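Me: I would like to learn how to read the sheet, the pockets and the cavities of a model such as this one. Could we go through them in turn, with the general idea before the particular case?

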Amino acid sequence: MLKFTMVSLPIRLLAVDIDGTLLNPQFQIAEPDLAALRRAHDEGTEIVVVTGRRHTFAMPIVQQLGIAVWLISSNGAITRSLAGETFHRDLLPAETCQKLCLVMQEFRGNTVLTFDTESKGAIVLERMDELTASIQRWLEKNLQFIDFVTPIEDSLATDPVQAMFCGPIARMHQALDALAASSLSKDITVLRTEYPVRDLSIVDVLNRGCSKGHALERWARQRGIPLEQVMAIVDNFNDIVMLAFAGVPFIMGNACEELRRKGWTVTLPNDQCGVASAIEQVLGKTQVEV
């Protein structure tokens, strides 16, 4: 006969990504993942969701958890509660974004700006014809938030949250090279997210020193939680700073080989409840014979 002995969580803060991590390939949260997060919360671990999505677009996913969490969105630019209380904003200066648009003229058709508002103009672009089909479909579903402005610089009456360049992976590698060669490299943070199955890459340009990892570190410090008691479960290149900060880092089994061989603990893929598997490892469930 076997019985389970539960060991107290060695972590106080658990940061979990959404796309490619919490969401399975059907863009749903599997029941075991949901149950594991709720269990961790019930046993005293604070949950924070950390995503590249805008706050509003992440909300329908986060609300499914049914627990009180804070949300770090736009790759670390915004930290806000589900009730709308803002802890921190790290916006991209409009002057820097003006220069960025000039430097990246070749990628006008791939450029998207986002702003911290929940009305038309939250997302600004000049046109959609050079974006991938999946990005176009996503934009078409959110037309109430989108404004088309030509030239796009005319939308910069206030500081944006970020600039994004979206397109096929090879094209976005060209954008990364152009950004690295520009005089702006010391004033900005450049993050990439890649989905090879969809041949989709998103290059995010944020304020200098802004990332998921910096935002998580800021939140943990405010909560008085040392990095040794911070766990992160993520899947992509834009999560690297967060993995470096967290004392207990997990990379998803569906992450690319380049990330999986960097030495972080690899959990199961998102189609096999990798979030639940990682949490179970940290919970320390052990089988004891009676």
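Me: Let us begin with the sheet: in what order do the six strands lie, and what is the pairing?

Reply: In general, the strands of a sheet pair through backbone hydrogen bonds, either parallel or antiparallel. In this structure, which is a predicted model, six strands make up an open sheet whose order is S9-S8-S7-S10-S12-S11, and the pairing is mixed. The edges are formed by strand S9 (146–148) and S11, each of which pairs on one side only. Averaged over the sheet and with direction ignored, neighbouring strands are turned by 25° against each other.

Me: How many bridges join S8 to S9, and in which direction do these strands run relative to each other, parallel or antiparallel?

Reply: Strand S8 (residues 123–125) is joined to S9 by three bridges, and the two run parallel.

Me: Which strands does helix H6 lie across?

Reply: Helix H6 (residues 169–181) lies across S10, S11 and S12, and its direction makes an angle of about 165° with S11.

Me: What is the volume of the second largest pocket, and which elements give two or more residues to its lining?

Reply: The second largest pocket has a volume of about 520 Å³. It is lined by 19 residues, of which Gly20, Tyr195, Val197, Asn254 and Asn270 are the closest to its centre. Two or more residues of that lining come from helix H1 (18–22) and from S11. By class, the lining of the second largest pocket divides into ten nonpolar, five polar and four charged residues.

Me: How many cavities of 30 Å³ or more are there, and which residues line them?

Reply: A cavity, unlike a pocket, is a space in which the probe fits but from which it cannot get out, and the count here is two cavities of 30 Å³ or more. The largest cavity has a volume of about 50 Å³, and its lining is made up of Arg54, His55, Ser74, Ile78, Thr114, Phe115, Asp116, Glu118 and Val161. These lining residues divide into three nonpolar, three polar and three charged. The second largest cavity, with a volume of about 40 Å³, is lined by Leu100, Cys101, Met104, Arg108, Thr111, Ile152 and Phe165. By class, that lining has five nonpolar residues, one polar and one charged.

Me: Finally, how many helices and strands does the whole chain have, and how compact is it?

Reply: The protein chain has ten helices and 16 strands. Its radius of gyration is 19 Å, close to the 19 Å that the globule rule gives for 290 residues, so the chain is as compact as a globular protein of that length. Along its principal axes, the C-alpha trace spans about 70 × 35 × 35 Å.

Methods:
Residues are numbered from 1 along each chain as its sequence is written. This is a predicted model: local features need pLDDT of at least 70, side-chain atom pairs count only at pLDDT 80 or more; totals for chains, interfaces and linings use all residues. Side-chain values use heavy atoms; hydrogens and water are left out. On a 1 Å grid over the protein atoms alone, a cavity is a set of points where a 1.4 Å probe fits but cannot get out, and a pocket is an open set with protein on both sides within 12 Å along at least five of seven lines; lining residues have an atom within 4 Å of a point. Grid points are joined across faces, edges and corners, and a volume is the space filled by probe spheres set on the points. Helices (H or I, at least four residues) and strands (E, at least two) are DSSP runs, numbered from the N terminus. Ala, Val, Leu, Ile, Met, Phe, Trp, Tyr, Cys and Pro count as nonpolar, Asp, Glu, Lys and Arg as charged, and the others, Gly among them, as polar. Two strands pair if DSSP finds at least two bridges between them. Axes are lines fitted to C-alpha atoms, for helices over the stretch in contact, and angles run from 0 to 180 degrees between N-to-C directions. Contact means heavy atoms within 4.5 Å. The radius of gyration is taken over C-alpha atoms; the globule rule is 2.2 Å times the number of residues to the power 0.38.
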